[in-house]
Amino acid sequence: MASDKNFVLGIFDDEDVLLKAVTKIRKSGVKIDEVYSPFPVHGLDEVLGYKRSKISVAAFLFGLTGFSLALLMQFYMLKFDWPMIIGGKNFASVTFVPVTFELTVLLGAFGMVGTFFVIQDLKPWGKSKSPDLRSTDDKHVMAIELSENTLSTSEIESVLKDSGASEVNLKQID
Amino acid sequence: MTEEKYIFTPKTKKNLVMLAVAGVIAVVLGIVLMQSGGHGHGDAHGAEAAAHGAEAAAHGSAVWLKRVMAGLWINNVFFIGVALIGLFFWSFNYAAQAGWSAPILRIPMAFSNWLPLGLILMLVVFFVGGHDIFHWTHEGLYDKASPEYDPIIDGKKEYLNTPFFLIRMVVYVVVWYLFAKKMQSLSLKEDLEGGHSYWHKIRVYAALFLVFFGITSSTSAWDWVMSIDTHWFSTLFGWYSMSSWLVSGVAMTILLVVYLKEKGYLPMVNSNHLHDLGKFLFGFSIFWAYLWVSQFLLYYYANIPEEVVYYWERWENGLYHGFWFLNIILNFVLPFLVLMTRDSKRHNIFLKMVCVIVLAGHWIDFYLGVEPGVMKENGGFGFYEIGITMIYLSAFLFIVLNSLSKIRLVPKNHPMLQESEHHHI
């Protein structure tokens with residue numbers, strides 16, 4: 001197929017080796033597509049040069065939505081739809097605090113999780129994107145896409161071997 | 001950079017003495033203004049105070065003397081709370097087996113050295129001015145024949161009487177201090193001998209202290225703050241005061257860590273550690289606001305006269321009304337907005353700013369707890385309150401820095417030091 005991508009996969013056994021390898025390989029001008037690991041490797045996102053996630057912005061915006069929604073809802077209910085006298089006050093605005101707080105937290109949390117699922121493309125019928133399923137067991141898999149790199153396959157292979165990959169494979173993924 | 005001990009320089013000592021001297025000048029000025037009816041802020045208030053002067057004189061000490069006692073008591077409660085929180089901070093870090101905080105733990109622990117002087121000051125102020133501060137110390141309240149007889153306060157006398165009050169006060173502070181001394185000496189022995197056994201021993205003491213703290217932090221706040229408004233009570237008050245102390249204590253810890261860091265001490269501490277301290281400040285500020293709202297909301301909602309009167313006193317008076325809003329702005333709105341982003345928790349300048357703001361804010365919180373109950377509508381805020389706080393602050397910092405200069409700033413053989421060095425968030 002035309003959309004096939006050719007990958008060079010470097011398999012690493014140890015996360016310390018992997019961290020050093022990522023730095024070294026990026027320095028030699030190779031662009032790494034993604035690294036798949038069985039567990040979160042501390043500092044990996046930094047050596048890969050990833051920017052800090054903007055998920056906190058999403059959380060803030062969802063929280064703000066919940067905040068406004070809660071205030072609007074209570075204002076409408078207690079002022080127009082069904083006015084009530086609470087504690088001798090015909091418009092007890094301080095009583096809005098708990099509901100507003102809860103809806104802010106609820107929408108903030110749900111929105112953040114939802115955003116994360118969408119961005120990461122996580123869904124019940126989804127398939128693992130890992131090019132080598134051993135990355136869910138005990139191996140770290142570094143995927144380098146050939147068409148994104150100027151170096152030849154054999155050059156990339158030798159860079160991977162030099163930086164400590166226990167094996168190097170070629171794989172076509174559609 | 002690799003200083004092991006903090007050097008308490010003559011220059012720093014001089015600055016602290018200057019702070020105290022400035023405080024004394026402000027106190028004298030404040031008292032003179034109070035006596036001349038100037039009241040420190042505006043003549044309208046002064047006239048009002050003079051009008052009530054005669055009534056107050058018949059009831060006890062002169063208005064200005066009451067205000068002096070109230071100012072002393074606010075600072076007694078505030079600083080002993082900060083000292084207690086230093087011990088609490090150390091203990092919950094040990095109990096939770098926290099590793100990141102290992103190099104800074106001796107700084108909050110040093111706060112606890114304020115406790116002996118704090119207790120003496122509390123006792124002295126209670127013996128001199130207890131009658132002015134605490135309405136329940138009036139004997140007529142318990143005498144059925146007296147026109148002053150108050151059945152509600154009479155019903156509380158099994159708990160709220162002077163001997164038991166004093167016993168409680170002494171027991172609380174002495175036990176806190178004994179815990180502090182025991183854990184301090186274990187930590188110093190660890191410096192000499194190393195090994196993991198001291199860490200485990202401190203952890204046991206820390207856990208025991210937390211149990212004692214859990215109860216006494218609440219009961220001491222009932223005694224020292226809530227009993228001033230004798231009729232009124234709130235089941236949330238203990239936690240509310242504890243959270244106020246907690247934020248102040250964490251803010252004081254951050255200020256001292258940043259100060260020492262900027263002086264070149266604590267080479268191990270970096271922005272990751274500050275970030276965690278900042279999170280504590282941020283989180284506990286929200287916790288305080290949560291308790292504040294929870295307490296206020298139920299009284300507001302239920303609108304029962306004997307409950308609402310506590311807030312009514314603070315709402316109706318022009319002076320307290322302003323502080324009432326300032327309290328929420330300084331202690332919740334500003335820390336919440338400023339410390340929300342990651343970067344602001346990692347930079348000294350934002351942290352210092354917020355710490356100063358919340359320290360002032362929580363002082364105001366205790367001011368609002370004490371002053372309206374003691375002074376009723378004659379309360380004031382002026383040179384005197386600022387001055388007396390400066391004197392207390394100077395003495396507190398002097399004791400803390402002096403005790404820090406006698407030990408290693410960073411526990412040498414703490415088993416978590418390695419973990420703290422690699423702390424990364």
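Is A:Gly66 buried or exposed, and how many other C-beta atoms lie within 10 Å?

Modeller: Please keep in mind that this is a predicted model, in which local features need pLDDT of at least 70 and side-chain atom pairs count only at pLDDT 80 or more, while totals for chains, interfaces and linings use all residues. Residues are numbered from 1 along each chain as its sequence is written, and chains are lettered from A, with ligands numbered from 1, in the order in which they are written.

A:Gly66 is buried, because 22 other C-beta atoms lie within 10 Å; the label buried needs 20 or more other C-beta atoms within 10 Å of the residue's own, exposed means 12 or fewer, and partly exposed is in between, with C-beta atoms placed from the backbone. A:Gly66 belongs to helix H3 of chain A, which covers residues 55-81; helices (H or I, at least four residues) and strands (E, at least two) are DSSP runs, numbered from the N terminus. If its neighbours within four places in sequence are left aside, A:Gly66 is in contact with A:Leu103, A:Thr104, A:Leu106, A:Leu107 and A:Gly108, where contact means that the C-beta atoms of two residues, placed from the backbone, lie within 7 Å.

Among the contacts in chain A with a separation of 6 or more, 79% join residues 24 or more positions apart. The domain assignment divides chain A into domain 1 (5-51 + 128-173) and domain 2 (55-120), with bounds that come from an automatic or database domain assignment. Between the C-alpha centres of these two domains of chain A there are 45 Å.

Next comes the order of the elements. Chain A has 5 helices and 4 strands, and reading along its sequence gives the pattern β-α-β-α-α-α-β-α-β. Its radius of gyration is 25 Å, well over the 16 Å that the globule rule gives for 174 residues, so chain A is more spread out than a compact globule; the radius is taken over C-alpha atoms, and the rule is 2.2 Å times the number of residues to the power 0.38. Along the principal axes, the C-alpha atoms of chain A fill a box of roughly 80 × 35 × 30 Å.

The strands deserve a look as well. The 4 strands of chain A form an open sheet in the order S2-S3-S1-S4, with antiparallel pairing, and two strands count as paired if DSSP finds at least two bridges between them. Strand S2 (34-36) and strand S4 (167-173) of chain A stand at the edges with a single partner strand each, so one side of each has no neighbour in the sheet. On average, and with direction ignored, neighbouring strands of this sheet are turned by 25° against each other.

Taken pair by pair, 3 antiparallel bridges join S2(A) to S3(A), where A:Val35 stands opposite A:Met142. S1(A) and S3(A) pair in the antiparallel sense over 6 bridges, and here A:Leu9 faces A:Ala143. S3(A) is mostly covered, with 5 of its 6 residues buried. Strand S1 of chain A, residues 5-12, is joined to S4(A) by 7 bridges, again antiparallel, and A:Lys5 stands opposite A:Ile173 there. Helix H5 (residues 153-162) of chain A packs on the sheet and touches S1, S3 and S4 of chain A, with a direction that makes about 15° with that of S1(A). Helix H1 (residues 15-27) of chain A lies across S1, S2 and strand S3 (140-145), running at about 135° to S1(A); for such values, axes are lines fitted to C-alpha atoms, for helices over the stretch in contact, and angles run from 0 to 180 degrees between N-to-C directions.
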